[in-house]
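Subject: Structure for you to look over

Hello,

Here is the structure I said I would pass on. The sequence and the model come first, and my notes follow.

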Amino acid sequence: MNHNLEHIKQDYQNIKVPDSLKRQVETSISQAKSDLEREQLPKRLGKGRNTIFRSWLARSCFAAAAAALLLTFLINVSAPIAHAMEQIPVLGAVVKVVNFRIYWSQNKQMEANIKVPEVRIEDMDGKEMGEASKSMNDKIQEYTDEIIAAYEADVKASGGEGTQAVDLDYEVVTDNDKLFSLWFHQTVVMAGANQLEKVYHIDKKTGNMITLKDLFKDGADYIAPISQNIKEQMKIQMEQDESKAYWLDDEVDEWNFKEISEDVDFYINESGKLVIIFDEYEVAPGYMGVVSFEIPTEVVQPIVKEGYLLE
């Protein structure tokens, strides 16, 4: 077998590449590198990938054609490589923040600055998935409308004599092959400041919105192991840092953190780990601010659906 492979290798290495094709390949590769540098690849995995790939592919078809011989050779003689090629996931929906509006209001000492993004969900052919886009945008509209309504009610109740500042901003916190997550940061400043967080998620395979339970196998108890791990992290943090405090063993039992709720906010970080988020005052005193806990994947490994988390 090794003897045959050596002959195949020698035959392959002895293939003469025509000078004209060689020059075309070298020119295409050089052009592709230059184009890729100008494109400024995004930092987050997957963001803008389709656009860049199509641009590169169109300009370097000769390079791809020349490489095809080697690619075919590897697949034919190497079962592990062929299997790896089969495992490449099929790309699903593409999610973009295409627009945003700003609600701005000022009434004496009361002010609001609220950003309302609009999301577009497209299939692999670039066609909008209308129902999916509408579902996401309706949720965003409902959420931001509640914040605006609360602010306007406070303005009315104060008779223009109140002091308040409401700010809402957002960021794309996850954008990979599996998930798109939009994280809203709300700050309300009155006598003090209060921070509130909200994260919306889209499964790119289906284009549908999902919640935490959708990351796990049907019927699986994900609340207990995640909650237990969070409690352990809280205890360790308090033992290692006297300035940290969580409502875990407080005399007022109703304040104590017992378990996460089904609608708890979360996201998947760049390391592929699940991160649970708590608003200010939710599980700790206000000076702790918004707190979060990265959950080791092994804690939920037996029950998590494939592809969402990394070990």
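Phe100 has Pro117 in strand 2 as its bridge partner. The model is a predicted one, so please read everything below as computed from it. Elsewhere along these two strands, Val95 stands opposite Ile121 of strand 2. Strand 1 and strand 2 (residues 110-122) are antiparallel, with 13 bridges between them. The two strands form a hairpin with two residues between them, and Lys108 in that turn has a positive phi of about 55°.

On to the next pairing. Strand 2 and strand 3 run parallel and share five bridges. Here Glu111 has Ala165 in strand 3 as its bridge partner.

These strands belong to an open sheet of six strands, in the order 1-2-3-4-5-6 and with mixed pairing. Strand 1 and strand 6 (208-210) are its edges, each pairing on one side only. From one strand to the next, the twist averages 25°. Helix 6 lies across strand 1, strand 2, strand 3 (164-175), strand 4, strand 5 (193-203) and strand 6, and runs at about 175° to strand 2.

Next, the aromatic residues. There are twelve aromatic pairs by the rule used, with ring centres within 6.5 Å. One of them is Tyr103 with Tyr151, an edge-to-face pair at 6.5 Å centre to centre and 80° between the planes. Tyr103 is in strand 1 (residues 94-107) and Tyr151 in helix 6 (residues 130-158), so this pair ties together parts that are 48 residues apart in sequence. Tyr151 has a relative accessible area of 2% and is buried.

Trp183 and Tyr267 make up another aromatic pair, this one tilted, at 5.1 Å centre to centre and 35° between the planes. The pair links distant parts of the chain, since Trp183 is in strand 4 (residues 179-189) and Tyr267 in strand 7 (residues 265-268), 84 residues apart.

One ring has a charge over it: the charged end of Lys178 sits over the ring of Tyr308, 4.9 Å from its centre.

Gln237 is found in helix 7 (residues 223-240). Its relative accessible area is 18%, so Gln237 counts as buried. Leaving out residues up to four places away in sequence, Gln237 touches Lys244, Tyr246 and Phe293.

Last, the totals for the chain:

- The secondary structure comes to eight helices and nine strands.
- Of the 311 residues in the chain, 35% are buried.
- Among contacts between residues at least 6 apart in sequence, 58% join residues at least 24 apart.
- The accessible surface is about 19,300 Å², and carbon and sulfur atoms account for 52% of that.

Regards

Methods: Residues are numbered from 1 along each chain as its sequence is written. This is a predicted model: local features need pLDDT of at least 70, side-chain atom pairs count only at pLDDT 80 or more; totals for chains, interfaces and linings use all residues. Side-chain values use heavy atoms; hydrogens and water are left out. Rings of Phe, Tyr and Trp (its six-membered ring) pair if their centres lie within 6.5 Å; planes under 30 degrees apart count as stacked, over 60 as edge-to-face and the rest as tilted. Helices (H or I, at least four residues) and strands (E, at least two) are DSSP runs, numbered from the N terminus. Buried means under 20% relative accessible area, exposed over 50%, partly exposed in between (1.4 Å probe, protein chains only). A charge sits over a ring if NZ of Lys or CZ of Arg is within 6 Å of the ring centre and within 35 degrees of the ring normal. Two strands pair if DSSP finds at least two bridges between them. Axes are lines fitted to C-alpha atoms, for helices over the stretch in contact, and angles run from 0 to 180 degrees between N-to-C directions. Contact means heavy atoms within 4.5 Å. Accessible areas come from the Shrake-Rupley method with a 1.4 Å probe; for residues, only the protein chains shown count as cover.
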